[in-house]
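Me: I am new to this structure. Please take me closely through one part of it, in plain steps.
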Amino acid sequence: MFMKVKNICCIGAGYVGGPTMTVIADKCPHIKVNVVDINQNRIDLWNSKDLNFLPIFEPGLDQIVKRCRGKNLFFSTEIEKHIALADMVFISVNTPTKKKGIGAGQASDLKWVEICARQVSKYAVGHTIVIEKSTLPVRTAEVIKTILESQDIQNKKQKTFDVLSNPEFLAEGTAVNDLISPDRVLIGGESDSAIKSLKDIYQNWVPENKILQTNIWSSELAKLTANAFLAQRISSINSIGALCESTGADVREVARAIGTDTRIGSKFLDSGPGFGGSCFKKDILNLVYLSNYFGLPEVANFWEGVVRFNKWHQHRISKLVVKKLFGTVSEKKVAILGFSFKANTNDTRESAAIQICRDLLAEGAELLIHDPKVIEKQIELDLGEQAINNHKNINESDSKVIKSGWEKCDKIDQCFKNVDAALILTEWKEYSEINWELASKSMRHPAWVFDARSIVNPEDVRNANLNLWRVGDGS
Ligand code: NAD
Ligand code: UDX
């Protein structure tokens with residue numbers, strides 16, 4: 001039976017749950033949207049009066065939160081209550097790679113999804129449509145349905161459930177735009193009425209021809225495949241970039257030349273410091289695990305190569321910095337420009353900057369780190385112990401920089417004082433506007449600019465008496 005949804009509960013107020021539900025609330029004023037989370041601090045931040053303190057930075061998000069919060073959009077930790085009130089429950093919790101046990105290092109840890117399914121099973125009232133929003137391995141819907149229905153039998157209450165897969169394709173930094181104008185919305189499931197209910201929500205702003213319907217397993221697999229294909233493109237172009245550097249070619253020119261072939265297309269061909277973010281590595285490793293599980297080791301090896309290459313590429317950049325700085329960075333200062341995994345987000349998960357900074361710290365460098373949105377505490381968590389341990393051995397009693405190995409600079413110009421090199425790792429717009437003439441005056445010469453994002457004007461850098469390395473530039 002078609003259900004006109006009036007009340008949504010989304011479990012998980014993270015990078016997906018927060019923005020997705022905010023846009024649904026904005027586009028569907030007739031629906032009450034409750035976003036719930038076990039993390040009280042995160043919920044408090046979503047409710048903060050000053051919109052600068054929202055837990056997630058996404059361009060344009062704060063204004064939509066302002067419009068809807070307290071009207072039909074609510075953030076709370078009252079999980080049980082809002083499950084009970086909901087016609088539709090979105091599961092949007094984290095599904096990281098398993099750290100131990102069977103499939104450790106590859107399979108997704110579904111612990112949090114299972115907890116949610118049990119909670120929904122226990123507290124739901126009447127008929128509830130359960131939506132998999134998290135990225136999940138193929139056939140997880142079956143597990144969710146089994147859990148939902150087993151509780152139902154135990155309680156002998158009048159509860160019924162439909163389970164749909166509705167993976168999210170938003171990219172961080174452009175989440176609002178991706179949600180408002182998606183390339184497609186994918187719905188996988190068996191129940192026509194449940195699909196119709198979910199479609200009815202999206203149709204408030206998404207044209208019908210962009211809402212794709214598949215069986216539930218195809219939908220789950222399509223999400224993993226999309227991320228695997230995108231990540232593979234980045235490893236492909238980065239591999240060609242390395243070859244360009246050795247052969248005198250320029251990866252930007254090669255990308256332009258191949259991108260005009262409509263079969264290849266021009267997007268996602270920017271060579272950089274290697275892909276980061278919470279999804280690509282995790283989802284490919286999940287695909288690797290599934291392939292091995294289903295007896296397809298050649299398929300697994302094919303995809304694992306994409307992740308292996310990415311790691312090699314990140315180390316390649318740190319090694320290259322050391323090599324250009326006369327083979328040692330010990331006690332040399334290096335400015336790190338950008339710590340988030342891409343521009344316009346405060347997310348650092350799997351950021352190439354983490355691996356590259358760790359490598360440089362291990363070589364004894366002192367890092368001056370700038371990022372417009374990443375807070376110092378986050379960098380501390382990402383580099384933390386390793387940075388401190390490395391540098392304790394060097395000089396116990398010296399300055400803060402030497403003790404911890406790194407220091408956060410609030411302003412870009414603070415980063416250049418006495419550094420031997422500036423390494424651009426995130427494509428924040430402000431780094432393309434740096435006055436290199438001025439920066440050069442503060443640096444220790446001979447000094448280098450390493451541009452892993454191709455955002456500087458090469459002439460400006462060279463005219464400022466600085467050496468320049470650009471990713472994939474062998475010209
Ligand atoms: P996240 O870590 O930012 O947020 C997940 C939230 O779920 C956390 O706040 C956590 O406290 C909460 N949570 C966990 N267990 C809970 C429970 N039992 N009850 C209530 N809350 C609980 O993660 P995310 O980046 O939003 O990703 C969520 C899912 O979406 C993952 O499966 C991810 O692969 C997928 N995804 C992420 C992106 C992205 O760009 N980040 C894009 C598409 C899909
Ligand atoms: C990705 C997918 O794009 C999105 O559809 C999915 O829902 C979640 O995972 P996200 O990780 O947020 O999104 O950002 P994305 O723009 O895909 O960038 C991922 C990484 O690849 C970043 O580190 C980015 O800098 C890098 N990248 C991207 C490149 O190095 N070159 C490119 O041309 C594009």
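What gives the most to the shell around ligand 2, and with how many residues?

Reply: H9 gives the most to that shell, with four residues. Some ground rules come with this predicted model: local features need pLDDT of at least 70, side-chain atom pairs count only at pLDDT 80 or more, and totals for chains, interfaces and linings use all residues. Residues are numbered from 1 along each chain as written, chains are lettered from A and ligands numbered from 1 in written order, and side-chain values use heavy atoms, without hydrogens or water.

Start with the helix. H9 covers residues 216–247, which makes 32 residues. (Helices are DSSP runs of H or I with at least four residues, numbered from the N terminus.) From its first C-alpha to its last, H9 reaches 47 Å. That is close to the 46 Å expected at 1.5 Å a residue, counting one less than the number of residues.

Now look at the two ends. At the start of H9 sits a contact between asparagine 215 and tryptophan 217. A side-chain oxygen of asparagine 215 comes to within 2.9 Å of the backbone nitrogen of tryptophan 217. Just after H9 comes glycine 248. Its phi is positive, at about 90°.

Ligand 2 has 19 residues around it, each with a heavy atom within 4 Å. Phe169, Leu170, Glu172, Asp270 and Lys342 are the closest. An oxygen atom of ligand 2 lies 2.7 Å from a polar backbone atom of leucine 170. A polar backbone atom of glutamate 168 is 3.3 Å from an oxygen atom of ligand 2. Lysine 342 uses its side chain: an N or O atom there is 2.8 Å from an oxygen atom of the ligand. On its own, ligand 2 has 650 Å² of accessible area, and the protein covers 91% of it. (Such areas come from the Shrake-Rupley method with a 1.4 Å probe.)

Finally, turn to ligand 1. There, helix H5 (residues 111–123) gives the most to the shell, with three residues. In total, 27 residues are around ligand 1, and Val16, Asp37, Arg42, Thr95 and Lys282 come nearest. A polar side-chain atom of lysine 282 is 2.6 Å from an oxygen atom of ligand 1. The protein covers 93% of the 830 Å² of accessible area that ligand 1 has on its own.

Conventions: Helices (H or I, at least four residues) and strands (E, at least two) are DSSP runs, numbered from the N terminus. A polar contact is a pair of N or O atoms within 3.5 Å; within protein, one must be able to donate a hydrogen and the other to accept it, and residues adjacent in sequence count only if both atoms are side-chain atoms.
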